[in-house]
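Here's a quick tour for anyone meeting this structure for the first time. Have a look at the sequence and the model, then read on.

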Amino acid sequence: MIKHLLFDLDGTLLPIDLDFFFRDYLSALSARFAATVEPRAFQEKLLASTMAMIQNNDPRLTNEEVFWQDFPARIGLSRSFLEPIFRDFYAQEYRALGNNLPPAGPVRNLLTSALMQGFSITIATNPIFPRYALIERLSWINCHDLPYRLVTSMEQMHFCKPNPNYYREILDLLGAKAGECLMIGNDEEEDMIAARLGIKTCLVTDRLIRREKTEIKPDYTCRLAELPSIIMALRPPRT
């Protein structure tokens with residue numbers, strides 16, 4: 001019986017092309033440091049530190065700790081110098097990145113309907129951003145104020161997609177069994193790899209990210225507009 005719905009954010013609920021988003025994100029953020037670090041060098045080092053988070057498999061370190069151990073040393077600047085600029089960037093320029101998104105459609109209705117049917121909802125986005133940046137992205141689809149059970153952020157999580165330990169940690173935080181969860185996302189590897197733990201999966205094809213090497217077959221495949229009928233059929237019985 002499915003009790004928990006795990007939703008990927010970017011490209012699933014949030015109608016963005018990740019390549020274009022990261023290009024604009026990196027350009028805007030590196031401009032904040034242009035007086036200190038050449039923008040291309042800043043972007044390369046930031047991506048390298050992001051990859052350090054993705055590749056980390058040490059359960060003792062949160063993704064945030066991995067990043068702040070790696071990035072200051074790589075860029076040659078202290079965390080005390082860098083972090084306030086990052087925070088101000090997320091409060092200012094970062095918000096503007098959501099201005100040109102295409103319409104999200106009835107995403108809020110989808111989530112509120114699932115909540116009313118008795119499901120818990122987790123925003124299972126790759127936790128390489130701080131929580132306040134994720135809440136800002138959720139605000140771009142007017143879904144920032146819903147009672148999520150969990151939003152996976154870099155401060156809380158110790159692993160990233162496509163590491164199966166990311167999904168194990170979600171199960172632990174939810175106190176849930178794998179068979180009680182449905183992972184919904186648009187990435188054939190990063191999202192569907194949850195199936196290796198026994199989590200049910202639903203591949204959303206509107207902004208499908210294909211992977212050459214994956215052989216994981218989702219339990220469901222649909223467009224986002226078709227997802228409500230799948231959820232309705234899975235709704236937990238009323239007690």
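Which element gives the largest share of the lining of the largest pocket? That's α2, with six residues. Keep in mind that you're looking at a predicted model. The notes below go through the pocket, the cores, the cysteines and a few spots in the backbone.

**The largest pocket**

- The largest pocket has a volume of about 810 Å³.
- A total of 40 residues line this pocket, and the closest to its centre are Leu18, Phe22, Asn126, Ile128 and Phe129.
- Sorted by class, the lining has 20 nonpolar residues, 15 charged ones and five polar ones.

**The nonpolar cores**

- How many residues does the largest nonpolar core have? The count is 61, and the residues with the most contacts inside this core are Phe7, Tyr25, Phe86, Tyr94 and Leu227.
- Take Phe86: leaving out residues up to four places away in sequence, Phe86 touches Leu29, Phe33, Phe42, Leu46, Phe67, Trp68 and Phe71.

**A closer look at Phe33**

- You'll find Phe33 in the loop between α1 and α2.
- Is Phe33 buried or exposed? Phe33 counts as buried because its relative accessibility is 1%, and the cut-off for buried is under 20%.
- Again leaving out residues up to four places away in sequence, Phe33 touches Phe42, Phe81, Leu82, Ile85 and Phe86.
- Phe33 and Ile16 are 17 residues apart along the chain, and their C-alpha atoms are separated by 25 Å.

**The cysteines**

- There are zero disulfides in the structure.
- Cys181 is in no disulfide, and the nearest cysteine sulfur, that of Cys202, is 14 Å away. Cys181 is buried, with a relative accessible area of 0%.
- Cys222 is in no disulfide either; here the nearest cysteine sulfur, again that of Cys202, is 3.6 Å away. Why doesn't that pair count as a disulfide? The sulfur atoms would have to be within 2.5 Å, and the Cys222 to Cys202 distance is 3.6 Å.
- Cys222 is buried as well, with a relative accessible area of 3%.

**Backbone spots to look up**

- A bit of background first: most residues other than glycine have a negative phi, and most peptide bonds are trans.
- Where is there a cis peptide bond? One joins Lys161 and Pro162, with omega at about 5 degrees.
- Pro162 sits in the loop between β3 (150–151) and α8 (164–174).
- Asn142 isn't a glycine, yet its phi is positive, near 55 degrees.
- The loop between α7 and β3 is where Asn142 lies, and Asn142 is partly exposed, with a relative accessible area of 41%.

- Arg168 belongs to helix α8 and is partly exposed, with a relative accessible area of 43%.
- Between Arg168 and Asn100 there are 35 Å in space, C-alpha to C-alpha, and the two are 68 residues apart in sequence.

Key:
Residues are numbered from 1 along each chain as its sequence is written. This is a predicted model: local features need pLDDT of at least 70, side-chain atom pairs count only at pLDDT 80 or more; totals for chains, interfaces and linings use all residues. Side-chain values use heavy atoms; hydrogens and water are left out. A nonpolar core is a set of buried Ala, Val, Leu, Ile, Met, Phe, Trp, Tyr and Cys residues joined through side-chain atoms within 4.5 Å. Buried means under 20% relative accessible area, exposed over 50%, partly exposed in between (1.4 Å probe, protein chains only). Contact means heavy atoms within 4.5 Å. On a 1 Å grid over the protein atoms alone, a cavity is a set of points where a 1.4 Å probe fits but cannot get out, and a pocket is an open set with protein on both sides within 12 Å along at least five of seven lines; lining residues have an atom within 4 Å of a point. Grid points are joined across faces, edges and corners, and a volume is the space filled by probe spheres set on the points. Helices (H or I, at least four residues) and strands (E, at least two) are DSSP runs, numbered from the N terminus. Ala, Val, Leu, Ile, Met, Phe, Trp, Tyr, Cys and Pro count as nonpolar, Asp, Glu, Lys and Arg as charged, and the others, Gly among them, as polar.
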